[in-house]
Amino acid sequence: NGKRNNKNSIQFYSQSMRDSSHQLIQLEHELRLAIKNNEFELFLQPIVDLAKNNITKAEALIRWNHPKKGMISPDKFIPVAEKSDLIIALGEWVIQRACQMVKKLAKLGYNIKISMNLSSAQVTDNNLFSYLHACVKNYKIDPCLLEVEVTEGVLVDDYSVANKLLSKVRTIGMSVSVDDFGTGYSSLSYLKQLPLDFLKIDRSFINDIVTDDNDKAIVKAVIALAHNLNLCVIAEGVETQEQLSFLTDNACNSVQGYLFSRPVQFNAFVELLKKHPHT
Ligand code: C2E
Ligand code: MG
Ligand code: MG
Ligand code: MG
């Protein structure tokens, strides 16, 4: 009867809740071990400057090479790491790996910039800047070859602390990108107040850019806005020649996407540089 069903469904619900919180704890535990066991890999995806027709930069994208489950995408574990202090350790690993890669590329004769994604907790971490600075010194790399990416949400939620951090970061020569632009808060006043260099237009606007007149209008307007504020524009998720043509015709500065390359391991990225023009 109804009563019993009701009882059963409540029981079922609490059981599944227990399972999912158990899974979360399990995943956190595995992540902690994975840091110790060095199971992470930093992939690189080229960013192409359209005026120079060059690879000038690469975005560093983390993957978890799980011994049993194989390669795990960051969407599966970054949100879990962000719920605990794990994101700080993971973020420091990314910074140090990115610096090491900049150094290795420079030794091979490639002055390619690497951009890194920063989570909110990293931006508000008091030690982040000194960690970055120490890594740059340690590897003896030019800070101009490093960039940080932060989302609009972080810039708005943690405005004053983000402002201070990004100013310091730029003082030593690093640059700053706004990631996933257009998907977060639409308060535009922060764009003129914060120390920024690049806007990355989210790929959801690029997807249908060839067929959707609204997306065309939005992307054109974002490029104009960015240029008027002296910012450069990077389009994310460029997959087709037609999308590339639209972006070139509308003075977009750089593009990133599967059309050029998926994110790849360091050695494969070096192979890409050998075959393609680069700075
Ligand atoms: P994101 O920073 O916006 O990175 C761009 C994402 O778009 C990457 O997904 C990339 O593989 C994907 N992408 C690039 N070109 C194309 C394309 O042409 N088509 C399609 N469909 N996708 C494309 P990925 O590597 O899975 O990373 C997802 C998100 O995870 C990133 O989004 C970023 O928010 C986060 N993430 C990745 N690495 C790190 C990290 O080291 N630290 C932090 N805090 N977050 C990271
Ligand atoms: Mg990014
Ligand atoms: Mg993005
Ligand atoms: Mg994203």
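Ring pairs join Phe 40, Trp 64, Phe 77 and Trp 93 into a cluster in this predicted model. Across the whole structure, a search gives four aromatic pairs. In one of them, Phe 40 and Trp 93, the ring centres are 6.1 Å apart and the planes meet at 55 degrees, so the pair counts as tilted. This pair connects distant parts of the chain, with Phe 40 in strand β1 (residues 40–49) and Trp 93 in helix α3 (residues 86–107), 53 residues apart. Phe 40 is buried, at a relative accessible area of 3%, and Trp 93 is buried at 14%.

For Trp 64 and Phe 77, the ring centres lie 5.7 Å apart with planes at 85 degrees, so this pair is edge-to-face. Trp 64 belongs to strand β2 (residues 54–66) and Phe 77 to helix α2 (residues 74–82), 13 residues apart. Both Trp 64 and Phe 77 are buried.

**Magnesium sites**

The magnesium ion (ligand 2) is coordinated by Glu 59 (OE), Asn 117 (OD1), Glu 149 (OE) and Asp 179 (OD), at 2.0 to 2.2 Å. The sequence spacing of these donor residues is E-x57-N-x31-E-x29-D. Asn 117 sits in strand β4 (residues 113–117) and Asp 179 in strand β6, so the pair ties together parts 62 residues apart in sequence. Asn 117 is partly exposed, with a relative accessible area of 30%, whereas Asp 179 is buried at 7%.

Asp 179 is in strand β6 and Glu 236 is in the loop between β8 and α11 (241–249), so the pair ties together parts that are 57 residues apart in sequence. Glu 236, like Asp 179, is buried. The two magnesium ions, ligand 2 and ligand 3, are 3.9 Å apart, and Asp 179 coordinates both.

**Ligand 1**

Of the 21 residues around ligand 1, those that come nearest are Arg 63, Asn 117, Asp 179, Glu 239 and Tyr 258.

| Residue (polar side-chain atom) | Atom of ligand 1 | Distance |
|---|---|---|
| Gln 45 | nitrogen | 3.1 Å |
| Asn 117 | oxygen | 2.8 Å |
| Arg 203 | oxygen | 2.9 Å |

Taken alone, ligand 1 exposes 810 Å², and the protein buries 85% of that area.

**Strands β6, β7 and β8**

Strand β6 (residues 175–181) runs parallel to β7, and three bridges join them. Within this pairing, Ser 177 has Phe 198 in β7 as its bridge partner. On β7, strand β8 (residues 232–235) is also paired in parallel, through four bridges. Phe 198 has Cys 232 in β8 as its bridge partner.

In a regular strand, side chains alternate between the two faces of the sheet. Strand β7 (residues 198–201) has Phe 198 and Lys 200 pointing one way and Leu 199 and Ile 201 the other way. All of these residues are buried, Lys 200 included.

Terms used. Residues numbered from 1 in each chain as written. Chains lettered and ligands numbered in written order. Predicted model: local features only at pLDDT ≥ 70, side-chain atom pairs only at ≥ 80, totals over all residues. Heavy atoms only, no water. Buried < 20%, exposed > 50% of the residue type's maximum accessible area, 1.4 Å probe, protein only. Helix = DSSP H or I, 4+ residues; strand = E, 2+ residues; numbered from the N terminus. Pairing = 2+ DSSP bridges. Donors = N, O, S within 2.8 Å, 3.2 Å for Na, K, Ca; no water. Near = heavy atom within 4 Å. Polar contact = N/O pair within 3.5 Å; in protein donor to acceptor, adjacent residues only side chain to side chain. Areas by Shrake-Rupley, 256 points an atom, 1.4 Å probe, with all protein chains shown as cover. Phe/Tyr/Trp six-rings, centres within 6.5 Å; stacked < 30°, edge-to-face > 60°.
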